[in-house]
Amino acid sequence: MTKYMKPILAIFVVTALSTGCHRISPNLSFGNLGISSETLNIHSNVQVINASNKSSLLKFTGVCETNLNIVIKYKKENKFRCINGSYSIEISADVFSEGTNTISVEAFDDSQNKMASDEIQLIKDTTIPEVSLVSPSNVTPTALAIVLTGSCSENRQDVVIKESIYSEQNSVPCENGSWSYSHNIGSKNSATEFRFTALHSDSAMNENTTTEYIVIRTILTAFSIVGVSGGRTPPVYEDIIRNPSGIVHVNWTASAGVGSYDLTIKKITQEAPNQLTTTLCTFSGITDTTYSFNVPSSCNGISLGDKLLVEVKAWDSSHATNQQAVFQARVKQAPSIKSDASILYVNSDWTLSPAQTSIPYSQIVLDPDSAGPFSINMTDAGGLNTQISTNNTLTPYLKVAPLQDTSGVYTVKFKITDETGLQSTEKAIKIAIVLPYSWTGSVDNDFNNKTNWCGVAGLKTGCPGHSITVSSSTRIVIDNLCHNINTTTSNCGPTLSTNTSVRSILMKGESFSQNSHSLTIGGSNGDTSYFVMNAGSFNTTSTSGDLTIYSTFHVLGGTFSAPANSNIYVNTIVSAQNAEAFKVGTTATFIHNNSNLHLVDSMGQEYVQNLVLPKDLRLYDLTINSAGGIWKLNSENLIIDGNLNLIGTKHSGTMPPYLDAGNSMSKISLSKNLNCEGAFGGGTITVNFINSSTYKSTFSSCKFPFIKLATSGITVSEDPNSTQDIILQGLDTKLGTFLPPVSRQLIFKTTALATGTIIADLSTGFNPGSSTIRFEVADSGKNYKIKLPNLSTLIFSNPNNMSAFYDLQNDVYTNFFSLEGPNPIPLRGSGKTISTLQFSFDAGIVTDTNRLNKVSLDIGGASTSYIGTSNVINIPNIELNKNISLLGNSNIFNFSGTTFILKNFNLNIGAAHLSYYTKTTTGGTIATVGGSITDLQ
């Protein structure tokens with residue numbers, strides 16, 4: 001390049017330069033440079049502008065005569081007035097041109113006469129000198145010097161050569177645009193690397209430095225691979241990669257004279273002697289003796305269990321000579337499950353809090369390459385939920401704490417992590433929770449063979465068979481254990497070989513057969529006596545044999561086939577209050593198979609026992625034979641395809657058993673006959689006859705529940721073998737025809753129904769014949785409504801002086817009407833009339849504003865009626881539609897408040913009776929014989 005010739009300048013020192021637009025300070029004086037007047041001069045603080053200060057502010061100063069006009073000229077002019085005999089002005093360095101610049105100052109008076117002038121010259125050189133260093137070649141181990149050459153732009157200016165490793169520096173002049181230098185290696189016999197730069201400057205102090213160049217003196221030596229490491233922090237080098245995902249480290253010893261290393265990872269696809277490999281990845285230009293790479297992002301294809309060949313090549317600096325080291329490694333398998341740990345047996349018992357079992361991880365984890373410690377992360381408890389947990393302590397173990405009724409085989413899933421963080425895929429083992437009498441079927445399917453039951457199991461050895469045959473103290477569980485341990489699955493359905501008694505059965509699967517033998521479940525063992533079925537099948541439709549169950553019968557799943565044409569006895573002798581004695585999940589889970597279900601309680605506990613049944617469940621015969629107690633049906637519709645038999649005794653209690661409705665929707669649909677054969681107390685349930693059937697009572701105090709004819713056109717009549725009056729809670733005959741007893745009474749004795757209930761809806765469908773209909777007050781605080789047809793005999797009584805009203809909803813005709821004593825009758829019927837041919841009052845009516853309004857003596861021949869009480873009859877109106885003779889055994893006929901409506905008929909009152917009455921005469925006479933009449937009006 002063309003350079004400016006530099007004039008010889010006065011020596012000066014720049015103590016500081018500013019970058020950007022900043023002042024250069026301090027001001028420097030350069031002496032008298034041809035000043036034309038002592039009153040005017042100019043000075044600059046720098047004479048050379050180079051690359052380091054080309055953007056700075058230059059300061060120009062001088063003396064001047066006060067009040068003269070000053071003009072400073074360079075590429076442009078600055079004008080100002082001299083003040084106080086001096087001036088100072090700042091000009092940016094970047095306005096000056098490369099080369100020599102002249103800056104002048106002139107002074108003018110106000111008339112523009114030049115008074116004085118001065119000037120200085122300023123050199124600007126911002127061109128960086130050029131310098132290069134030719135990339136030097138690497139040298140051999142025997143070389144004594146390194147020759148360096150390059151170009152330069154500033155002739156007769158020095159080029160400074162620096163070596164940074166050993167901090168050496170030498171200078172050579174720039175001649176004809178080039179330079180050369182021989183760097184003496186000297187005594188540095190072991191040196192393998194040198195680093196060089198060249199620096200060049202010009203007279204304006206502009207500088208330039210080359211890139212650093214490295215010269216390698218190759219001295220290669222043998223080396224070895226220390227090992228590989230994966231999955232440990234810090235790395236542990238061995239022949240195993242313990243985690244094939246993430247960072248893998250390879251470490252080797254140093255090779256002297258090396259320029260770089262290449263690392264190659266190969267998979268061994270065939271073992272020696274004819275070894276075959278597949279290259280997975282190569283990494284070049286490594287300058288350290290360790291290298292880390294990521295699997296799989298930078299080296300794909302490494303998998304668990306692989307065998308690898310690791311190769312490292314050491315290259316000299318020219319990449320011409322190499323040494324190689326090889327190393328065989330393998331990828332660790334992830335932790336897995338021991339082959340004998342696929343199913344582990346945990347003993348349990350029937351206590352409320354069975355003892356927990358701790359299974360060390362060493363019994364579970366398989367890892368030939370590692371001793372742990374391992375941790376286990378549960379991914380699926382398999383239904384054991386809170387009953388199984390992992391304990392990842394220094395002595396880790398799997399904890400199993402089964403609940404009371406937990407049994408069977410559960411598939412538990414988890415992942416195992418080793419000490420390096422390598423995690424297995426999801427693994428599964430089976431946990432068998434076994435009870436002493438868990439069914440295994442290890443020999444055959446004989447329920448009575450003791451070796452088919454578990455006994456005390458070993459963790460990995462399983463169930464050896466029990467030493468004691470099942471008995472009435474044995475608690476049985478049939479679950480999925482057999483299918484999980486026994487290849488002979490035909491043994492998994494236990495079958496009775498003889499009549500058998502056990503304490504309880506919990507059935508969770510498989511099949512069971514009574515095989516036409518009787519089976520008794522439970523006894524006097526409290527809540528540990530039960531039959532609970534959650535799954536599986538019980539019996540086939542052809543299997544018979546009586547079945548007796550104490551305390552609880554629950555069929556919640558599976559299929560229960562009742563023993564064909566046999567008996568099922570559910571005995572709640574040891575049940576608790578309000579227990580669910582008989583419970584069925586769905587209609588499909590229970591097949592009655594023409595069996596007779598007996599609900600039994602021989603202790604007379606007077607407890608509530610709930611029957612929890614799905615809508616439209618079908619039973620065949622249902623027999624309730626209980627000494628007291630309340631059987632409460634919770635079912636919108638229980639269908640009985642056979643008979644409903646009600647039997648009971650009071651036993652030590654005060655109440656006979658009865659059948660209640662569990663809710664307002666509960667009812668029974670009865671296909672055949674209703675039989676009352678013992679001391680039964682009725683209840684709040686409604687029994688709907690859905691076919692023409694019969695009813696029968698053979699026990700004097702037996703009471704039917706509420707009876708309803710629920711299908712149009714059916715006829716319900718008394719069984720010819722019935723021997724007792726028919727007592728019942730209520731009767732609804734609207735849809736069919738009901739034939740009451742001919743020679744006995746039909747007695748309504750209603751208790752515990754909601755007030756306002758129509759307990760006798762006989763207005764249609766009731767064929768009274770010559771039967772006697774009796775309403776006996778048996779409740780208090782209620783108002784029971786009745787709708788009656790024309791009757792032969794109608795009787796009301798209140799033997800226990802109760803307060804529940806019978807509320808007549810319509811006018812009634814009857815041949816004979818009676819109020820039986822000794823207590824007044826709560827009889828309502830505001831505005832209603834009972835028309836009768838004859839009446840007999842041994843009691844009056846309870847005083848009530850809505851009491852029966854009128855008794856009318858119907859037209860016919862002369863009649864005699866009877867009064868058997870001296871109490872007020874309390875009937876507002878007695879109407880005579882014929883002549884009547886009023887007789888009785890009372891000392892007084894008290895008709896206070898009663899109006900006799902004579903209607904041209906005669907009332908004859910017997911001798912020795914005083915009659916109190918309110919007289920209304922529309923003709924006719926009141927005749928007395930031997931007595932006096934007091935008219936209370």
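The following dialogue explains how to read several features of a predicted model.

Me: What kind of model is this, and how are its residues numbered?
Reply: This is a predicted model, in which local features need pLDDT of at least 70, side-chain atom pairs count only at pLDDT 80 or more, and totals for chains, interfaces and linings use all residues. Residues are numbered from 1 along each chain as its sequence is written, and side-chain values use heavy atoms, with hydrogens and water left out.

Me: What is the average pLDDT of the protein, and where is the pLDDT under 50?
Reply: The term pLDDT denotes the predictor's confidence in each residue, from 0 to 100. The protein has an average of 89, and 92% of the residues score at least 70. Residues 1–37 stay under 50, and the model gives this stretch 80 contacts beyond four places in sequence; a contact means heavy atoms within 4.5 Å. The pLDDT is also below 50 over residues 930–937, a stretch with 17 contacts beyond near neighbours in sequence.

Me: How many salt bridges does the structure hold?
Reply: A salt bridge is a side-chain nitrogen of Lys or Arg within 4 Å of a carboxyl oxygen of Asp or Glu. The structure holds 28 of them. In one, lysine 307 pairs with glutamate 271, and their closest N and O atoms are 3.0 Å apart. The two partners are 36 residues apart: lysine 307 belongs to strand β22 (residues 307–315), whereas glutamate 271 is in the loop between β19 (260–270) and β20 (276–286). Strands (E, at least two residues) and helices (H or I, at least four) are DSSP runs, numbered from the N terminus.

Me: Are lysine 307 and glutamate 271 buried or exposed, or partly exposed?
Reply: Buried means under 20% relative accessible area, exposed means over 50%, and partly exposed lies in between (1.4 Å probe, protein chains only). Lysine 307 is partly exposed at 42%, and glutamate 271 is partly exposed at 39%.

Me: Which side chain meets arginine 744 in a salt bridge?
Reply: Arginine 744 meets glutamate 718, at 2.9 Å from N to O.

Me: Which residues touch the most other members of the largest nonpolar core?
Reply: A nonpolar core is a set of buried Ala, Val, Leu, Ile, Met, Phe, Trp, Tyr and Cys residues joined through side-chain atoms within 4.5 Å. The largest has 111 residues, and Phe560, Phe775 and Phe817 touch the most other members. Strand β58 (residues 703–709) gives the most to this core, with 4 residues.

Me: How many aromatic pairs are found, and how is one of them arranged?
Reply: Rings of Phe, Tyr and Trp (its six-membered ring) pair if their centres lie within 6.5 Å; planes under 30 degrees apart count as stacked, over 60 as edge-to-face and the rest as tilted. The whole structure has 35 aromatic pairs. Tryptophan 439 and tryptophan 453 form an edge-to-face pair, with 4.8 Å from centre to centre and 75° between the planes. Tryptophan 439 is buried, with a relative accessible area of 0%, and tryptophan 453 is likewise buried at 0%. Another edge-to-face pair joins phenylalanine 553 and phenylalanine 590, at 6.4 Å and 90°. Phenylalanine 553 is in strand β41 (residues 552–555) and phenylalanine 590 in strand β45 (residues 590–591), 37 residues apart. One aromatic cluster includes Trp439, Trp453, Phe553, Phe560 and Phe590.

Me: Which residue lies over the face of phenylalanine 805?
Reply: A charge sits over a ring if NZ of Lys or CZ of Arg is within 6 Å of the ring centre and within 35 degrees of the ring normal. Arginine 828 lies over the face of phenylalanine 805, at 3.8 Å from the ring centre. Lysine 188 lies over the face of tyrosine 166, at 5.3 Å from the ring centre.
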